[in-house]
Amino acid sequence: MLQSFPVEWEPHFATGIPSVDEQHQKLIAILNDLAATVEAGPTHKQLLDIVAQLADYAQYHFADEERIMEAMDYAEMDEHRLEHQTFINQIELFDLDAILATEGLAAEMLHYLKTWLCDHILGIDQRLGQAWARHHATGREAT
Ligand SMILES: [Fe+2]
Ligand SMILES: [Fe+2]
């Protein structure tokens, strides 16, 4: 397996929002599948399929988090939504032909995806989890 993969789920990744934590585990699993696929020397179609799977699932997950934020009238929603959009935009920018043809680019892509995902889960998603807990504890708006 590539260096720094597979990514293992750690207890401190948990946000406390059950659906979100389940989806984060699935995202990490897809990322690990992508790393294993890259290491095996994928065809263009294999790489395309797994990157598309990651993008699709990320979009599904982000929409779910954004619904949670809307329901709470969450103050940090715009900033959080922007981070999600940045990730989706970046996945669309990956040139899979170049990645297959150029040694090192696949590792760069995996590094970006892993870093973004872990930083996002450990940063802004944690704050959402804390606000969600406050919101549900008080029944009032949490911001
Ligand atoms: Fe998020
Ligand atoms: Fe998330």
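Asp-73 lies in the loop between helix 2 (44–72) and helix 3 (77–93), helices being DSSP runs of H or I of at least four residues, numbered from the N terminus. The model is a predicted one, in which local features need pLDDT of at least 70 and side-chain atom pairs count only at pLDDT 80 or more, while totals for chains, interfaces and linings use all residues. Residues are numbered from 1 along each chain as its sequence is written, and chains are lettered from A and ligands numbered from 1 in the order in which they are written.

Although Asp-73 is not a glycine, its phi is positive, at about 55 degrees. Asp-73 counts as exposed because 11 other C-beta atoms lie within 10 Å; the cut-offs are 20 or more such atoms for a buried residue, 12 or fewer for an exposed one, and partly exposed in between, with C-beta atoms placed from the backbone. The peptide bond from Phe-5 to Pro-6 is cis, with omega near -5 degrees. Most residues other than glycine have a negative phi, and most peptide bonds are trans.

The protein chain contains six helices and zero strands, giving the pattern α-α-α-α-α-α along the sequence. Its C-alpha atoms fill a box of roughly 55 × 25 × 20 Å along the principal axes. Of the 143 residues of the protein chain, 20% are buried. Contacts were defined by C-beta atoms, placed from the backbone, within 7 Å. Among contacts between residues at least 6 apart in sequence, 73% join residues at least 24 apart.

Helix 6 comprises 15 residues (residues 124–138) and reaches 21 Å from its first C-alpha to its last, close to the 21 Å expected at 1.5 Å a residue, the expected span being 1.5 Å times one less than the number of residues. The buried residues in helix 6 are Asp-125, Leu-128, Ala-131 and Trp-132. They lie on the same side of helix 6 because they cover an arc of only 120 degrees around the axis, the arc being that of the directions from the helix axis to the C-beta atoms. The exposed residues Ala-137 and Thr-138 are carried on the face of helix 6 turned away from its buried side. Cover for the buried residues of helix 6 includes helix 1, helix 2, helix 3 and helix 5 (105–122).

Lys-26 belongs to helix 1 and is partly exposed, with 13 other C-beta atoms within 10 Å. Lys-26 and Leu-128 are 102 residues apart in sequence and 19 Å apart in space, C-alpha to C-alpha.

Technical notes
Helix = DSSP H or I, 4+ residues; strand = E, 2+ residues; numbered from the N terminus. Contact = placed C-beta atoms within 7 Å.
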